[in-house]
Amino acid sequence: MKINTALVLLCSQLMIVSCKKDDKKPIQDQANITKDSVKTVQAEEEIDFMNFNIYNVSTVQRKDLMDTFISVSDIYIDKNAVPADFLKKQKELPFEKMSYIELDGSYRKKMLDGIHVTENDSLYLYNYEANKLQKTPVNKLKAVAYLSPYTVEGDEIDSDSYMTGFQIDTKKGNDIFDKYMNVIAYFGNKNPFVENQMKMIKWEKASADIQKKYFAGSTLKYGGTYLYKYENLTYYVQDLLEEYGTQERKLVVINDQNEKIFEKTFTIEDGAEFNPLEKMENSETNYYAQWTGKLFKGKAPVVFNFTTPSFGCPVITFLNKEKTELNINCDNRH
């Protein structure tokens, strides 16, 4: 099947395609884990987490150009998202002309209203690996729509065939991929990100007694046991195996009083895969590596990228008692 565009999802754990869009729930302002669990930090600027959405950054190929693009179609769902007059011309226009639309006027305003963003807001692009924050006024961004890469010539094209959002960058060549790797996006009037606090996890082998102390009782075969230290927290991971590889991956987080403050079991369903664990002996950045640290102002530390889902979008997990999860909107579709 010929695909008219090449779509590459770039946000580390974000290389997923989905047939459906899950209902997105805004993250609730849960309390952080107990004050003994994480070192006390100075009070941070309060962030409104109602209608709080973050997005991944993707690229779309147009002839010899690579466009960097943020799709908001997971949040903005409108049967009239693109001009009806344009759609009526699809039998007259070359398929290539149908693949890209610049949205202005009422179509731009409808999209902004649909994602609770105004022209006075800004786009915050945060590269948590390089600790680089880029702020761009929304009124400087081009509102656009791209045909989904799974819409091919000869298909009937309607509004649902398009990914709507904002064009961020346009360049020739593939070097644009690296620039937006490990980047997440937010639209609003305040920067929600804590800067310079994220760390790529590089796992060390843990002693045999850790397996017995925190991961006893499984009926699965035991694989490797690993640890990582972040500030006053210690992370332990246990792989549990079946015949064809890792079936479960358990995470336990311990504070400096040796108290268990978080635990979670990661599983693979619906075609999802476990990401490899980056080991200390390999100093190079791993595209699939796990990350942890303080990412959002006034919130508990986070951890993510243990799995790559095939359907839906990846999530960021907060190290709080509620195990709060925040979806990264990625407009994944088959």
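Reader: Are Arg333 and Asp331 buried or exposed?

Author: Both Arg333 and Asp331 are buried, meaning under 20% relative accessible area, where exposed is over 50% and partly exposed is in between (1.4 Å probe, protein chains only). This is a predicted model, where local features need pLDDT of at least 70, side-chain atom pairs count only at pLDDT 80 or more, and totals for chains, interfaces and linings use all residues. Residues are numbered from 1 along each chain as its sequence is written, and side-chain values use heavy atoms, with hydrogens and water left out.

Reader: What do the side chains of Arg333 and Asp331 meet in?

Author: A salt bridge, at 3.0 Å from N to O. That term means a side-chain nitrogen of Lys or Arg within 4 Å of a carboxyl oxygen of Asp or Glu.

Reader: How many salt bridges are there by this rule?

Author: The count comes to 15. One of them joins Lys109 to Asp113, with the closest N and O atoms 2.8 Å apart. Lys109 is exposed, at 52% relative accessible area, and Asp113 is partly exposed, at 44%.

Reader: OK, new topic. Which side chain of opposite charge is nearest to Asp121?

Author: Lys135, 9.5 Å away. Lys and Arg count as positive, Asp and Glu as negative, while His and the chain ends are not counted. Asp121 is buried yet has no salt bridge.

Reader: So what does the side chain of Asp121 reach?

Author: The backbone nitrogen of Thr118, at 2.9 Å.

How values were computed
Polar contact = N/O pair within 3.5 Å; in protein donor to acceptor, adjacent residues only side chain to side chain.
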